[in-house]
Amino acid sequence: MRKLALAGPAQQGGALHESSGKPLSGAKPPAHPGSAPGSIGDVPSAGPLCSQRRARGPALPPGPAPSSRPRPVLQAPPLPPGARSRESVAGAAAGAIMDEDYYGNAAEWGDEADGGQQEDDSGEGEDDAEVQQECLHKFSTRDYIMEPSIFNTLKRYFQAGGSPENVIQLLSENYTAVAQTVNLLAEWLIQTGVEPVQVQETVENHLKSLLIKHFDPRKADSIFTEEGETPAWLEQMIAHTTWRDLFYKLAEAHPDCLMLNFTVKLISDAGYQGEITSVSTACQQLEVFSRVLRTSLATILDGGEENLEKNLPEFAKMVCHGEHTYLFAQAMMSVLAQEEQGGSAVRRIAQEVQRFAQEKGHDASQITLALGTAASYPRACQALGAMLSKGALNPADITVLFKMFTSMDPPPVELIRVPAFLDLFMQSLFKPGARINQDHKHKYIHILAYAASVVETWKKNKRVSINKDELKSTSKAVETVHNLCCNENKGASELVAELSTLYQCIRFPVVAMGVLKWVDWTVSEPRYFQLQTDHTPVHLALLDEISTCHQLLHPQVLQLLVKLFETEHSQLDVMEQLELKKTLLDRMVHLLSRGYVLPVVSYIRKCLEKLDTDISLIRYFVTEVLDVIAPPYTSDFVQLFLPILENDSIAGTIKTEGEHDPVTEFIAHCKSNFIMVN
């Protein structure tokens, strides 16, 4: 008959007692009704809670002849003490759900001549009758023979003059074989056709849920306070993914538990730090946090932009766990950002984390300035800090910076290249309806243009040169677009006359970013599309020019188009809404034609899969894309786009004129040149 090791390190440990939440060893039970020879009861039981060892050493002290009941083979997992009997609250995972008294190796019983004798836990002067009564009470509890503290309790009982006959009778009568029943049921499931792996996962998941429910951090901490060393079973547990996941969940729920903090460190030391980026406990230990930070940062740097979007939220959440973690991480990234190779990428990550902290309502401006060059310029630092903390620009502090950056020896340009600071300029200079003091407007424009266009050369921490060749033209472009965008008297028709000017100015990256922000604020007005008469509003046409000129702004353009595409324009009738969404799809197709292919197609693929988009819009997108593409195609594009075409509601409904059928041609080309992977 097959034997199943249900879980855990080296398939050792005990299943959980149904009533008390205590772990039960997987020892071979005495003959039990319904347990046939060779059944699953012979197999170590479920649960990685403890490392088992068979009872070794001397036999029980001599006494009256044992009863006729079969004598069980005792197995005492070397778990530390710290938990009370079944009547107490269910305790910590595995080792914490045990008796309070310390027990030693079975071979140490009464072996005083070997020097391994331990001090009698009952203490001098303790009444033998009370000790016997306490031990007998424990022996009378259900399945106490399976408890890891059985040896210690037997030792105390016999040292107090107890009778072996009572022990054997109580342990035998109260043995109900919960652990072996679990194994027996598991074997039956396997014999009925259930996969062994599925059975093992079922038992493990149930055990995990019980441990999470009954975990007691105080009893868990007693593992170390009373035992004084790392239990062997704990090191074995962390070698298994299932139980590492259990520790992660427990650590999130009990961040102050010393045992769990130590376990997380053990997991990190074992090389699994890549798994614990979401565990807040890791942020409380410098050694663990630094190792996790290094692994996470390397993962983000190796994966490119797509990997950054995927991993940044979890990374930023970990870094922003507290002030100490934020300061440590930003200080390390500030040092790495100075490296010639990869420094700019690290700086980008640091700035994204700054943005995340700001969005969560944390004011980290002082840390940002302290890690930069602001410390050498206290007046500039004070002015910047005041504006960043308040989240708004003011003429007084802008004047201070303007004087410093128009002097013969201006501060380093890095001082004002803080993303949060530049965002404030976007709001002041490009947001519709924003009020700015005309006497100070040129100062705002100069500082923004200086941050965007000036190039400095540094050698050995000394500035060698300052290149201001583009400062004047950038300032003029910013001022021109500011006057066009913030002039409330100019409507859409007036803007059409200024399109050539806008297109010229959009070639400057800082102006393109400002125009993108301005378009976002403008078209997000609820009544904007209701008042439009043109098929393609001028604001959306500007997005095409931004997509053409600035590849780095493609993600922001798509983000805006997706937001508009998914917005409910209830003020428009159904046909107007469809026409508007077709116009937005035209912008997406243009974005695709400028090289931002996979993100655009991925979004449309999700729309098709979610079934929340009018199928006629999907067909319209497919038709437009087929008009602008031609072989050769990349495998990534084919894997995304071909399933859209093969959809029953798409392929057979696209009408073509004449013999030319782009859908059939594309599918035939892909089938003959690519191997599709589901």
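# Salt bridges in a predicted model

Asp-520 is partly exposed, at a relative accessible area of 24%.

**Exercise 1.** Find which residue forms a salt bridge with Asp-520, and where the two residues sit.

*Solution.* 
- Step 1. Asp-520 pairs with Lys-563; their closest N and O atoms are 2.7 Å apart.
- Step 2. Asp-520 lies in helix H21 (residues 509–523) and Lys-563 in helix H23 (residues 554–566).
- Step 3. Judge the separation. The two are 43 residues apart, so the pair links distant parts of the chain.
- Step 4. Check the accessibility of the partner. Lys-563 is partly exposed, with a relative accessible area of 37%.

**Exercise 2.** Take the salt bridge between Arg-156 and Glu-134. Decide whether each residue is buried or partly exposed.

*Solution.* 
- Step 1. The side chains meet at 3.5 Å, N to O.
- Step 2. Locate them. Arg-156 belongs to helix H2 (residues 150–159), Glu-134 to helix H1 (residues 128–139). They are 22 residues apart, and the pair links distant parts of the chain.
- Step 3. Apply the cut-off: buried means under 20% relative accessible area.
- Step 4. Arg-156 has 6% relative accessibility, so Arg-156 counts as buried.
- Step 5. Glu-134 has a relative accessible area of 31%, so Glu-134 is partly exposed.

**Exercise 3.** Work out what separates Lys-265 and Asp-269 along their helix.

*Solution.* 
- Step 1. Both residues are in helix H9 (residues 258–269).
- Step 2. They are four residues apart, so about one helical turn separates them.
- Step 3. Lys-265 is partly exposed at 22% relative accessibility. Asp-269 is also partly exposed, at 39%.

**Exercise 4.** Identify where pLDDT stays under 50, and say how to treat the coordinates there.

*Solution.* 
- Step 1. Start with the whole chain. The average pLDDT is 77, and 77% of the residues score at least 70.
- Step 2. Residues 1–125 stay under 50.
- Step 3. For residues 1–125 the model has 336 contacts beyond four places in sequence.
- Step 4. Where pLDDT is low, predicted coordinates should not be read in detail.

Definitions and conventions:
Residues are numbered from 1 along each chain as its sequence is written. This is a predicted model: local features need pLDDT of at least 70, side-chain atom pairs count only at pLDDT 80 or more; totals for chains, interfaces and linings use all residues. Side-chain values use heavy atoms; hydrogens and water are left out. A salt bridge is a side-chain nitrogen of Lys or Arg within 4 Å of a carboxyl oxygen of Asp or Glu. Buried means under 20% relative accessible area, exposed over 50%, partly exposed in between (1.4 Å probe, protein chains only). pLDDT is the predictor's confidence in each residue, from 0 to 100. Contact means heavy atoms within 4.5 Å.
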